[in-house]
Structure formats: C-alpha cells, structure tokens
Amino acid sequence: MAALLEVDGLKAYYGQTQALHGVSFALEQGGITTLLGANGAGKTTTLRAICNMVHTEGSIRLDGKPINGRATEEVVRLGVGHVPEGRGTFTDLSVDENLRVASYTRRDKAAIERDRDMVYEYFPILKERLAQQAGTLSGGEQQMLAISRALMLAPRLMLLDEPSFGLAPLIVQEIFRIMRRINAEAKVSMLLVEQNAALALELADHAYVLETGRVVMSGKSSTVKSDEAIRKSYLGY
Amino acid sequence: MEQLIQQIASGLANGAIYACLALALVMIFVSTDHINFAQGELAMFSAYLVWQVLQWGVNFWIALPLVALASFLIGVGIERVILRPLHSAPILSVVVVFIGLLAIFHSLAGAIWGHTIKEFASPFPKVTFWGSGYIGPHQIGMIIVTVLLLLALFAFFRFTPLGLAMRAAAQNPVSARLAGIRVDWMLALGWGLAAAIGAVAGALVAPAVYLEPNMMASILLYGFAGALVGGISSPGGAVAGGFIVGVLENLIAYFGNLLEKVSGLYLIGNGEKLSVALIIVITVLTLKPSGLFGHVTVKRV
C-alpha cells in the first residue's frame with residue numbers, strides 16, 4: 001500500500017526549546033498507526049507539527065506532496081482532521097453549530113447531509129443534544145463531538161490526540177469501538193497518540209515509540225505488544 | 001412628566017448611536033482582545049465621506065450604503081496592512097498604533113474638509129406625527145435605522161455560515177483553524193464590519209451634532225460606557241448597554257435639574273452629562289468588570 005503520510009527528519013521547536021529531534025515515520029493508506037511514549041516524548045508535538053501549529057523543520061508529505069509551511073487551515077483543507085488535545089470544543093456554540101462550523105469549507109450539500117447522518121449513527125447522543133450549548137456536554141460527549149467535527153471535514157487522515165484522556169473506561173471502550181468502525185467504514189486513515197499503550201496497540205496496526213523527541217522503535221502492533229523489553233522500558237505496563 | 005418622556009425618548013435616540021459604536025468596539029474586542037481607540041475617528045471620517053458624496057448630489061440612501069462599503073474596505077485594509085504584521089506584538093504597541101490611527105484620521109479629515117463646523121441635513125422628512133411633541137423625526141429615524149442594522153447583523157451572525165465561522169474564529173481560533181476556517185480573514189472581516197457599523201452611526205449622528213473632526217470624541221466615550229455596561233465580551237449586551245447609557249445620562253441630568261428646582265441644590269445637570277459616562281465606566285469596572293450581560297473569563301496563568 002502507498003504511504004498516505006510520510007514524515008522525515010521532523011524537528012519542532014517551542015520558542016528556543018527543541019521538542020522533536022528528527023522524527024521519521026510513514027503511515028499507510030487506510031491504516032491506523034499509533035505513536036506511543038511517556039509524557040514529554042513528543043507525541044502531541046508531532047501531531048501539532050503535521051498541522052503546522054508549532055515551528056517545524058524537516059519534511060512532511062501528504063500523498064507525496066510536501067505540506068510543511070502551509071497554514072494550519074490549508075493543511076486541514078487537504079483532508080486532515082485533527083482531534084486536538086483537550087477536545088477544542090466551541091463551548092459557547094450549540095452542538096449543531098459545532099458540527100456546522102466543521103463543514104464550513106465544504107460545498108457538497110448532499111454529502112454533508114450524509115456525513116451528518118453518519119455522525120448521528122456513530123454518536124446518537126449528539127443528535128439528542130443538538131440544541132444544547134456544547135460547553136455543557138460531559139467530557140465523553142465533548143470527545144465524541146470533537147471526533148464528529150473532524151469527521152464533518154470529510155477527512156482522509158485523522159489525527160487523534162489522546163481521545164481517552166480523562167474519560168471513564170466504559171466511555172473509552174465505546175469511543176475506540178467507534179474509531180475502529182470509522183476507520184473501516186468511512187475509510188479514514190488514523191494517526192493515534194495515546195498514553196494508554198495497551199488500548200492503542202489493540203486498535204492500531206502499526207506503532208512507533210517515541211522517547212524525548214526521537215523514534216526509538218517501531219513495528220507492527222502485535223510485535224511491539226509481545227516484546228516484553230519494550231513494554232517494560234517504554235510503555236510501562 | 002412630558003419632559004421626562006422627552007428625555008427618555010431622546011436618550012433612546014442617542015443610545016442607538018452609542019449602541020452602534022459599542023457594538024463596533026465589541027466586534028473587534030471579541031476576536032482580537034483589542035479596544036480600537038480609533039473607532040470614533042473612523043466613524044467621523046465615514047460621516048465626512050457621506051457628506052462629500054451628498055455634496056456631489058447623490059441621495060443619502062445611496063450615499064450611506066456606498067460609504068458603508070468603502071468603510072468596510074478601509075477597515076479590512078487597516079487590519080490586513082497595519083495590524084496583521086503586529087499580531088504577536090505586545091498589547092502596548094497595538095494601543096500606540098490605535099492612537100496613531102486616531103490622530104491620522106483626525107488630521108486627515110481636517111486637512112481634506114477643514115476644521116470648521118459643517119451642517120449635515122437630516123435625511124428624514126420633517127413631518128409631524130403622533131408623539132411629535134416628545135421626539136423629533138430625525139431621532140425616530142436614528143432609532144429605526146439602528147434597530148434595522150442591529151437586526152440585520154444579528155441575522156447575519158446567527159443564520160449564515162460566514163457569520164457562524166466568524167463567531168467560531170472569535171471564540172476558539174485554534175479549533176476554528178482545525179475546521180479549515182481562515183481565521184486571519186475572519187478578523188479582517190470583523191474590522192470591516194465594525195468600520196461599516198461606525199459609518200452608519202457617524203452619518204446618523206452628524207445631523208444632530210454637526211460635522212467636525214471632533215464630533216465623535218465624546219460619543220466614543222459613551223460608546224465605551226455602553227460596551228462596558230453591557231459587557232465588553234457580549235455583542236447583545238453592548239447594544240443594550242448603549243441604550244441604557246443613552247437613557248441614563250438624560251435621566252440623571254433631568255433629575256439633577258429637578259433637584260435644583262425643588263431644593264436649590266445644584267448637584268448635577270446637563271453640563272455634567274459626559275462625567276456621567278465616565279462615572280458609569282468607573283462604577284462598572286469596579287463593581288462588575290464583566291458588565292451586566294458579559295461572562296467572566298477565567299485565565300490560567
């Protein structure tokens with residue numbers, strides 16, 4: 001399969017501080033890849049770098065075309081749905097408005113309607129909450145809304161930044177089950193960042209392990225999962 | 001009693017203008033966290049433009065939309081050319097730029113049109129109608145045009161995709177970018193709309209205060225007061241605040257005069273109206289900094 005996203009020698013900086021020291025990885029079309037690692041390893045920064053939300057150097061290619069240096073909104077318009085850390089809810093807008101904002105760049109009315117129905121099917125609770133102010137949703141519902149907003153962009157690639165963060169285990173299971181369906185049914189490739197390595201390896205087919213801004217190992221999820229040394233030294237379970 | 005109703009009615013008419021300016025201030029504030037001190041001078045400049053177009057023999061109701069459009073473009077231009085390069089500059093630099101703009105538009109108007117007071121005919125017919133004793137046709141016209149403008153803006157922000165995108169960009173720029181919204185352009189549009197609203201306010205108030213480069217100085221202060229009373233983060237609140245300040249300044253002067261008549265004690269009167277605006281600003285900032293309708297923003301530092 002062709003690589004959808006290729007990242008090569010990616011460096012990222014927060015002011016003077018360098019957070020990534022040459023990260024390289026590739027993401028297959030249609031697959032789910034996960035970035036694992038401890039706090040501060042550079043997982044979130046990698047996602048932010050792809051969308052040009054931090055100062056970056058190195059090469060990022062989407063479908064073989066370089067995208068680094070493009071403004072965040074232009075990267076998004078190429079079909080990259082970023083579900084950000086902290087969910088990024090438009091708290092003062094209603095749930096319905098949150099979803100409409102997400103399809104603002106699209107002109108294909110019929111397809112938008114279909115995607116709306118798809119969102120309602122995945123997350124029926126959102127349909128019940130359409131008129132509600134989004135800031136009043138529970139954490140789990142806001143996470144569902146964040147994924148739905150990304151879906152309403154009709155993305156080819158979804159970047160998911162710790163979708164399990166701060167949620168009850170049952171809700172997390174539900175959300176991960178839906179993510180698998182989205183990957184299979186809507187044909188959206190995914191790059192998943194997770195603290196919860198066991199959960200992420202369950203869902204993903206490929207894994208990269210980051211440590212202090214570098215890739216220290218990579219491989220099929222099943223390989224990573226079964227390697228006890230990796231598990232103990234990097235994943236902590 | 002008749003005088004009281006008169007005062008309230010003219011307070012509402014003035015309040016309409018304050019509401020427009022307050023709304024223009026809030027529109028820029030919610031998306032950039034900046035208070036545009038040049039808002040009044042921009043409105044004054046637009047009023048001169050309307051006057052100029054009227055001198056060319058164009059009908060007021062054609063001149064006003066034309067100038068509103070021109071002001072919109074001026075507003076967009078200012079944001080893109082002057083403020084965009086300063087988007088990560090410290091707040092004081094931006095304030096200095098605003099004061100610079102204020103001085104530039106002030107002098108520009110004086111240089112082009114002169115500093116002498118010009119008469120600006122009311123665009124509304126001088127008719128008598130029920131209630132004419134309480135309120136003049138121009139004042140009624142001011143209220144009607146303002147209310148229509150506010151309704152149109154409300155509909156724009158509430159019901160159009162672009163209005164929604166502008167609200168989203170103001171509220172959460174990071175998430176808005178992640179939805180593919182060109183946030184920088186939304187800010188420029190906000191500036192344009194604010195300038196256009198100011199143009200309408202300037203052209204409506206010019207017949208009441210006469211046209212001169214200083215015409216907006218005190219009105220902008222009332223606009224600030226209105227925005228603060230209603231809540232500087234709330235567009236609807238700013239509009240309500242504008243009307244409240246308009247009525248309040250007249251009522252306070254009215255009751256001040258009444259007090260003087262009854263007891264001979266002069267406390268406050270027409271001469272202190274502007275002080276009333278400043279007292280309102282200080283009181284609100286002390287007692288309820290978020291305004292009547294604003295919400296408190298908590299920032300983690």
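Modeller: Gladly. A:E85 has 17 C-beta neighbours inside 10 Å, so A:E85 counts as partly exposed; a residue needs 20 or more to be buried and 12 or fewer to be exposed. Keep in mind that this is a predicted model.

Biologist: Where does A:E85 lie in chain A?

Modeller: A:E85 sits in the loop that links β6 (80–83) to α3 of chain A. Leaving out residues up to four places away in sequence, A:E85 touches A:T44, A:D161 and A:E162. Another pair to look at is A:E85 and A:E194: they are 109 residues apart along the chain, with 11 Å between their C-alpha atoms.

Biologist: How do I read the sheet, and what is the order of its strands?

Modeller: In chain A the order is β6-β7-β8-β3-β9-β10, an open sheet of six strands with mixed pairing. β6 and β10 (214–220) of chain A each have a single partner strand, so one side of each has no neighbour in the sheet. On average, neighbouring strands are turned by 15 degrees against each other, direction ignored.

Biologist: How many bridges join β9 (residues 206–211) to β10 in chain A?

Modeller: Six, and the two strands run antiparallel. One pairing you can pick out is A:A207 with its bridge partner A:G219 in β10(A).

Biologist: Which helix lies across β6 and β7 (157–161) of chain A?

Modeller: That is α6 of chain A, residues 139–151, running at about 170 degrees to β6(A).

Biologist: What about chain A as a whole?

Modeller: Chain A has 10 helices and 10 strands. Buried residues make up 45% of chain A. Of its contacts with a separation of 6 or more, 67% are between residues 24 or more positions apart.

Biologist: How many residues of chain A are in contact with chain B?

Modeller: There are 18, and they meet 16 residues of chain B. α2 (72–77) and α3 (95–102) of chain A each supply at least two residues of that side. Its residues divide into eight nonpolar, four polar and six charged.

Note on methods:
Residues are numbered from 1 along each chain as its sequence is written. Chains are lettered from A and ligands numbered from 1 in the order in which they are written. This is a predicted model: local features need pLDDT of at least 70, side-chain atom pairs count only at pLDDT 80 or more; totals for chains, interfaces and linings use all residues. Two residues are in contact if their C-beta atoms, placed from the backbone, lie within 7 Å. Helices (H or I, at least four residues) and strands (E, at least two) are DSSP runs, numbered from the N terminus. Ala, Val, Leu, Ile, Met, Phe, Trp, Tyr, Cys and Pro count as nonpolar, Asp, Glu, Lys and Arg as charged, and the others, Gly among them, as polar. Two strands pair if DSSP finds at least two bridges between them. Axes are lines fitted to C-alpha atoms, for helices over the stretch in contact, and angles run from 0 to 180 degrees between N-to-C directions.
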